[in-house]
Each structure stands twice: as C-alpha cells, then as structure tokens.
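User: Could you take a close look at one helix of this model for me, and then at how other helices pack and meet the ligand? I work with cut-offs, so please spell them out.

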Amino acid sequence: MKNSDFVLIVDDNPTNLSVLSQALKSAGFAIRVAEDGESAIELVQHKLPALILLDVQMPGIDGFETCQKLKADPLTQNIPIIFMTALADTENKVKGLSLGAVDYIPKPFEQAEVIARVKMHLQLKQLTDHLEQKVLERTAALQKAQVQLVQQEKLSMLGQLVAGVAHEMNNPISCIISNIHPAQEYIAELTQILQLCQQQYSQLPATIQDAIAQADLDFLLEDLPKLLNSMQVSTGRIKEISVSLRNFVRADTSVKIEFDVHEGLDSTLLILRHRLKSLGQRPEIQIFKQYAALPKVECYPGQLNQVFMNILANAVDALEDAWQQDKQGNNSLAIKICTEMSSPQEVMIRISDNGIGMTDEVRQRIFDCLFTTKAVGKGTGLGLAIAHQIVVEKHGGSLQCKSSLGQGTEFVIVIPIRH
Ligand SMILES: Nc1ncnc2c1ncn2[C@@H]1O[C@H](COP(=O)(O)OP(=O)(O)OP(=O)(O)O)[C@@H](O)[C@H]1O
Ligand SMILES: [Mg+2]
C-alpha cells in the first residue's frame with residue numbers, strides 16, 4: 001500500500017467536519033473524512049493517510065480506542081495522530097499523548113492554529129521518514145562494506161600464506177630438479193662400469209655373485225632409470241603447482257594488468273583439485289574444458305581468480321548435493337568450462353555443472369549479500385555477492401546465471417578485454 005498525502009478528519013459532528021475540511025482544503029491539503037472510529041479504521045486499511053485529525057468523543061469506539069487500534073497495527077502505527085476535543089483538561093491530554101498521539105488541539109478551533117500544527121507534524125513525519133530511510137541505507141552500505149572487508153582480509157591472509165609456502169617450496173624443488181639430470185648421468189656411468197666388470201670377469205667371487213643375485217641386479221639396473229624419470233616428471237609437476245599457486249595469489253590489487261584467463265582458470269582448478277577427486281563412493285568430478293584462443297585481458301587477476309574460485313566451489317557443492325540425492329543414478333558428475341570471444345571487445349567464460357540446480361526464487365537471490373541455502377558453517381552466502389561485485393563494478397562486465405532445478409546451473413561471465 002502506498003503512502004498518500006491526504007489528511008483524514010474523524011469527527012461525528014458534521015459542522016466540525018465541514019469547517020475543518022474547508023480550512024484545510026483552502027490551505028492546499030487533500031482531505032478525507034470519517035464520521036466514527038470504525039469507519040476511520042476501515043478507510044486507512046485501503047489507503048494510508050499522511051496524518052489523522054481524531055475527535056475524542058464519538059459514538060461507538062471513541063477517539064482513544066481508535067488511536068489504540070491504529071497504533072497496534074504495524075501497517076498504520078506510524079501515521080501521526082492529532083486529537084481534537086473540548087476536553088481540554090490535563091488528564092485527557094496526557095492520556096491522548098501516552099497513547100501515541102503527536103499533538104492535541106482544543107475545540108473550538110482556531111483555523112490558523114490547526115493548519116499550522118498540521119503542517120508542522122507533516123513536516124516532522126517527512127523528516128523522520130527521510131532519516132529512517134537514510135539510516136537503513138547507511139546500515140546496508142556499512143554491512144556490505146564490512147562483509148567485503150572481512151572477505152578481503154581473509155583472502156589477503158590466505159594469499160600471503162599460500163605465496164609464502166609456494167616460495168619456500170621453490171628452493172628445495174629447484175635443488176631436486178637440477179640434481180636429477182647429473183644423477184641420471186652418474187647412474188648410467190655406474191651401470192656401464194658394472195656391466196664392464198661382469199663382462200671382464202666371467203668368474204666373480206661367490207660373495208659378489210650372491211649379492212648380485214640377492215639384489216636382482218639386472219632388474220635393478222633396468223628399473224633405476226625409470227624410477228628417476230618418474231621422479232623427474234613428479235618434480236616438474238610440483239614446480240607447476242608452485243607456479244600456479246603464485247599465479248593464483250598474485251598481489252596486484254592496485255593496478256590492472258594483462259592476464260591470461262585460461263591460466264587463472266587452470267590454477268583455480270588446481271587449487272580445487274582435492275575437491276574434485278573421488279571421495280568414498282562418490283565418483284570423481286570430471287572437468288571438460290573448451291578453451292578458445294583468447295587475447296589477454298586487462299584486469300585484476302587475483303580478483304578474477306576469486307570469481308572463478310567462488311563459482312567453481314559452488315559447482316562442486318551442487319554436484320556433491322546431486323550425488324547425495326541420487327546415489328544410484330548413472331549421471332556422471334561434470335563441470336564444463338567454455339571460453340570464447342563474445343564480441344571483438346569482450347571475452348565470455350561459461351562455467352556449468354550438472355548438479356542440483358536451483359528454483360527461480362533461489363536464483364533471483366543468489367547475488368544478495370549473505371543469501372545462502374547451505375547449512376550453518378558450510379556457506380556464508382558471500383561467494384556470489386563478491387563475485388558479482390568484482391565482475392560488474394571492478395571490471396565493467398556482467399555475471400549471469402541460468403539454472404533449472406534438478407538439471408544444473410550455468411554461470412556466464414563477460415569481461416571487457418580493455419576496461
Ligand atoms: N552451481 C550452483 N548450483 C546450485 N545452486 C547454486 C550454485 N551456485 C550458487 N548456488 C546457490 O546460491 C547460493 C549463494 O551462493 P554463494 O556462493 O553466494 O554462497 P554460499 O555458497 O552459500 O556460501 P559461501 O559464502 O561460502 O560461498 C548458494 O547457497 C546456493 O543455494
Ligand atoms: Mg559459494
């Protein structure tokens with residue numbers, strides 16, 4: 001119901017009604033009238049007046065009771081009420097004011113006084129409403145800022161930790177990597193010497209023959225290079241992880257830099273890898289990538305990674321929930337990531353899952369701060385609010401969601417290449 005700007009006069013005396021109506025109309029007010037308390041209450045249910053002038057003595061429910069009823073209803077409790085009565089004694093004045101009336105006008109009226117008081121209270125009401133609205137807005141803005149600060153603080157602490165660990169890992173890994181090659185060479189040489197000995201001395205002493213048999217020397221010499229090869233592959237992999245971790249947390253919050261979106265997606269996937277692996281009965285979550293050739297994008301890479309992380313983490317949650325609901329189902333759990341140039345100036349990243357999906361009601365609220373459908377402790381409801389802010393406000397892009405319950409969800413991120 002919309003607030004209206006008319007004044008409601010409630011009085012059982014027709015002369016009073018017409019005198020007051022005339023006075024207020026000539027002062028420019030819109031007027032409605034009611035002749036008793038009941039009809040006044042009924043009228044305000046349909047349209048809210050800006051102010052009520054209320055007679056105290058009326059047949060049926062009197063002004064005090066009418067006031068009490070209006071103040072008890074959340075819909076009407078904020079309408080300013082001014083009592084009008086001939087009962088100008090102190091006790092009645094106090095009673096009226098204690099029931100929530102804002103003022104009191106004694107009869108017979110001084111027209112100018114009535115108009116002045118009505119004007120003043122309307123102005124007061126307007127100011128109060130304005131202030132309340134401002135307080136609400138400020139509170140919401142503060143809450144939003146606080147939420148962002150907490151999240152940023154958490155991220156920067158996590159970022160520092162991860163960057164530190166990645167950095168510390170670097171030296172020992174580099175040492176292993178640089179030593180593997182000489183080790184391979186040494187082993188090749190030793191192998192050669194051993195083989196030479198075996199060829200030159202056809203009759204080795206019994207103790208050495210025993211030792212050779214026990215160690216299964218042939219197998220050992222064959223296996224050792226393979227073993228070193230796999231160590232080389234693994235250290236290469238650790239090196240990659242370390243680079244990805246550092247890419248993921250690259251501290252560049254103050255300026256935009258050119259960034260390879262695919263690198264961001266891949267390092268995010270790498271950090272989420274432990275959540276993709278099969279867990280107990282739950283099969284592994286498959287990742288399908290369809291990357292187009294994209295130019296580098298001018299952006300805040302750390303923040304964009306945070307967007308990918310929040311969306312991908314939600315997709316994993318949705319897939320886990322889907323699996324819980326449908327353990328016997330044959331559907332594989334999958335996340336698909338497609339990138340393309342949606343226009344010459346923009347890249348588009350689509351991340352979809354075949355998880356639980358969501359209802360329209362949920363979908364409309366997912367970008368709201370603190371909106372979550374997850375259990376306490378599992379979700380804070382910040383992930384997508386932050387992702388939306390990063391994409392839209394920080395990068396001038398768009399973030400959209402399509403979803404159908406039980407089928408899956410797709411997030412579409414569009415980012416301008418140059419901002
Ligand atoms: N891929 C998805 N499939 C189904 N529902 C989703 C998906 N992504 C988001 N949602 C819904 O949107 C809600 C809000 O997501 P959001 O990431 O903002 O918060 P959250 O995941 O609940 O908590 P957190 O702050 O830990 O991320 C989720 O609670 C979920 O209901
Ligand atoms: Mg989330």
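Analyst: In helix α3 (residues 63–72), the residues G63, F64, T66, C67 and L70 are buried, meaning that 20 or more other C-beta atoms, placed from the backbone, lie within 10 Å of their own. Because these residues cover an arc of only 160° around the axis, they sit on the same side of α3; the arc is taken from the directions from the helix axis to the C-beta atoms. An α-helix has 3.6 residues a turn, so residues three or four places apart point the same way. The buried residues of α3 pack against β1 (6–10), α2 (37–46), β3 (51–55), β4 (81–85) and α4 (90–98), where contact means C-beta atoms within 7 Å. Helices (H or I, at least four residues) and strands (E, at least two) are DSSP runs, numbered from the N terminus.

This is a predicted model: local features need pLDDT of at least 70, side-chain atom pairs count only at pLDDT 80 or more, and totals for chains, interfaces and linings use all residues. Residues are numbered from 1 along each chain as its sequence is written, while chains are lettered from A and ligands numbered from 1 in the order in which they are written.

Now to the ligand: 23 residues surround ligand 1, and the closest are N314, A318, T372, G379 and G383; the cut-off is a C-beta atom within 6 Å of the molecule. Helix α10 gives the most to this shell, with four residues. Both N314 of α10 and G383 of α12 also belong to the contact between these two helices.

Technical notes
A residue is buried if 20 or more other C-beta atoms lie within 10 Å of its own, exposed if 12 or fewer, and partly exposed in between; C-beta atoms are placed from the backbone.
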